[in-house]
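Let's take a friendly walk through this model. Keep the structure open beside you as you read.

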Amino acid sequence: MARTNQNAGSGHPFALLRSAKRNGIPMASKSTLNAKNLEALGAERLAQLLIEISTGDAAAKRKLRLALAGAEGPREAAREITKRLASIAKARTFVNWQNRKPLVKDLQTQRSAIMEQIAPHDPGEALALLWRFMGLATPVFERCDDSSGTVIDIFHQACADLGEVAKAVDAAPEALARQVLDALQDNGFGQYDGLIAIIAPALGPEGVAHLKTLVDELGRTPVPVPPKSEWQAVGWGSGGTRYAHEMEERARQSTVEMALKDIADVQGDVDGFIAQYDPKTRKVPKIAAEIAQRLLAAGRAGDALGFIERAEVKDARWIPPEWQDARLAVLEALDRKDEAQAFRWACFERDLSGEHLRAYLKRLPDFEDIEGEERAMAHAAGHPDLLTALAFFLNWPSLAHAAQLLIDRQDEVDGDHYEFLAPAAETLAERQPLAATVALRAMIDFTLIQGRQKRYGYAAQHLAACADLAGRIEDFGPVEPHHVYAARLKAEHGKKTGFWSRMDG
């Protein structure tokens with residue numbers, strides 16, 4: 001009887017191992033850093049390693065203490081979080097972009113701990129901690145450079161958490177409304193933006209109504225003006241000295257106005273929203289668009305059109321996109337489709353807006369859309385701003401039209417726009433080498449004519465790219481052949497050794 005090769009089957013472990021090795025698939029090692037391998041070390045050894053690793057690392061130590069507190073229960077975890085939040089609030093060290101990472105990590109750790117260790121077990125305690133966490137925003141931003149927006153993002157997430165946890169707590173509406181108003185009056189850094197919409201489900205209709213009462217009361221309570229001898233100067237502006245009580249009064253008015261708008265939105269009170277703007281402000285296109293969108297949602301398309309048409313568009317060269325979108329939505333709602341189509345085409349003609357052109361073509365009858373697109377391409381090709389037209393063709397996309405544009409209007413190409421022309425040349429290089437050459441030459445010419453020595457390296461790369469592209473160009477047509485262009489460049493800029501040395505290299 002023949003002996004069976006037990007290892008020969010393709011599904012056998014040894015066969016799979018050999019296959020993995022042949023195919024270069026890395027096999028898991030017991031020294032690979034993963035949770036399963038670390039578990040094999042045992043609790044005692046892991047504890048020793050954690051102590052070693054955390055030595056000198058304050059953030060790691062805080063995380064370990066928080067984990068230990070969490071193991072004892074949510075109450076201990078809450079106590080540990082409270083202590084840390086108090087420490088962050090008291091800190092005075094300025095945080096710039098270079099040392100911002102530890103602060104960001106610390107804030108993220110505390111917020112996550114509240115939501116993961118406390119909220120599932122004691123939402124009431126979690127809500128109190130979230131309010132306390134949000135209270136850190138002012139002292140933190142007063143000593144922190146947040147130009148990247150990383151820190152404010154954490155507070156915005158915590159603000160969103162407030163709504164989730166407050167809903168779970170089923171907090172007393174009136175008390176919650178008071179907390180919301182207090183928060184809005186401490187919104188100097190925008191940390192509470194959107195709070196009313198976020199917290200509205202937890203407030204319920206009764207709480208929202210009470211909040212409106214509180215805001216109305218604040219609106220009737222101006223900041224007291226102290227005796228002039230006690231006025232405190234806090235800054236200077238175009239109107240002269242700014243005093244503390246004046247700034248507080250402006251902040252009060254702004255808080256009331258913004259809160260009443262948000263409350264009106266929550267309550268679906270369009271007229272209440274409109275009432276927060278004076279008649280002149282309602283004519284600002286962006287504001288008119290906001291009002292129109294709300295009126296549309298309320299089924300009042302006719303009123304919406306009135307606000308759109310009364311808006312004062314001061315610069316016909318640039319019309320806010322919000323106003324354009326609102327006008328189109330209103331015209332569609334009123335079944336004035338021909339006017340809407342005419343407006344879409346007008347928007348495209350002015351801005352070469354691909355979005356409006358697509359919407360326009362989509363609504364044309366079959367076959368007419370082809371003619372409409374051809375008309376649009378012809379219009380774009382004649383647009384007075386070459387780069388706007390080029391951007392349109394590249395984004396549409398129509399590389400053939402983009403190429404023809406560059407070739408036909410090569411004398412208009414401004415090589416100073418390297419941040420646009422370089423990627424355009426790269427996009428065109430494969431299928432439209434002649435047009436890519438035009439874009440590259442524009443950057444080369446600008447660099448050498450203006451003597452921009454810092455760009456010589458890029459210009460040298462561009463000239464080398466032109467040489468490569470030349471081999472794929474059968475007919476240069478109205479564009480100067482590469483050998484003629486290179487010779488002219490040498491004749492006109494031969495003394496710019498900083499450039500030519502890079503070519504030789």
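## Overall makeup

The protein chain has 26 helices and 2 strands; both are DSSP runs numbered from the N terminus, with helices being H or I of at least four residues and strands E of at least two. This is a predicted model, in which local features need pLDDT of at least 70 and side-chain atom pairs count only at pLDDT 80 or more, while totals for chains, interfaces and linings use all residues. Residues are numbered from 1 along each chain as its sequence is written, and side-chain values use heavy atoms, with hydrogens and water left out.

## Surface and contacts

Of the 505 residues in the protein chain, 39% are buried (under 20% relative accessible area, with exposed meaning over 50% and partly exposed in between; 1.4 Å probe, protein chains only). The chain exposes about 29400 Å², and carbon and sulfur atoms supply 52% of that area, computed by the Shrake-Rupley method with a 1.4 Å probe.

Contacts here are heavy atoms within 4.5 Å. Among those between residues at least 6 apart in sequence, 61% join residues at least 24 apart.

## A buried aspartate

Asp161 sits in helix α9, residues 150-169. With a relative accessible area of 4%, Asp161 is buried. Leaving aside residues up to four places away in sequence, Asp161 touches Arg111, Met115 and Leu130.

## The hairpin

Strands β1 (residues 233-237) and β2 (residues 240-243) run antiparallel and are joined by 4 bridges; strands pair if DSSP finds at least two bridges between them. The two strands form a hairpin, with 2 residues between them.

Which residue of β2 is the bridge partner of Gly237? That partner is Gly240. Ala233, in turn, stands opposite Tyr243 in β2.

## The largest pocket

The largest pocket has a volume of about 420 Å³. On a 1 Å grid over the protein atoms alone, a pocket is an open set of points where a 1.4 Å probe fits, with protein on both sides within 12 Å along at least five of seven lines. Grid points are joined across faces, edges and corners, and the volume is the space filled by probe spheres set on the points.

The pocket is lined by 21 residues, with Leu184, Asn187, Ser254, Thr255 and Met258 nearest its centre; lining residues have an atom within 4 Å of a point. Helices α11 (195-219) and α12 (244-267) each supply at least two lining residues, and α12 gives the largest share, 9 residues. By type, the lining divides into 9 nonpolar, 7 polar and 5 charged residues (nonpolar: Ala, Val, Leu, Ile, Met, Phe, Trp, Tyr, Cys and Pro; charged: Asp, Glu, Lys and Arg; polar: the others, Gly among them).
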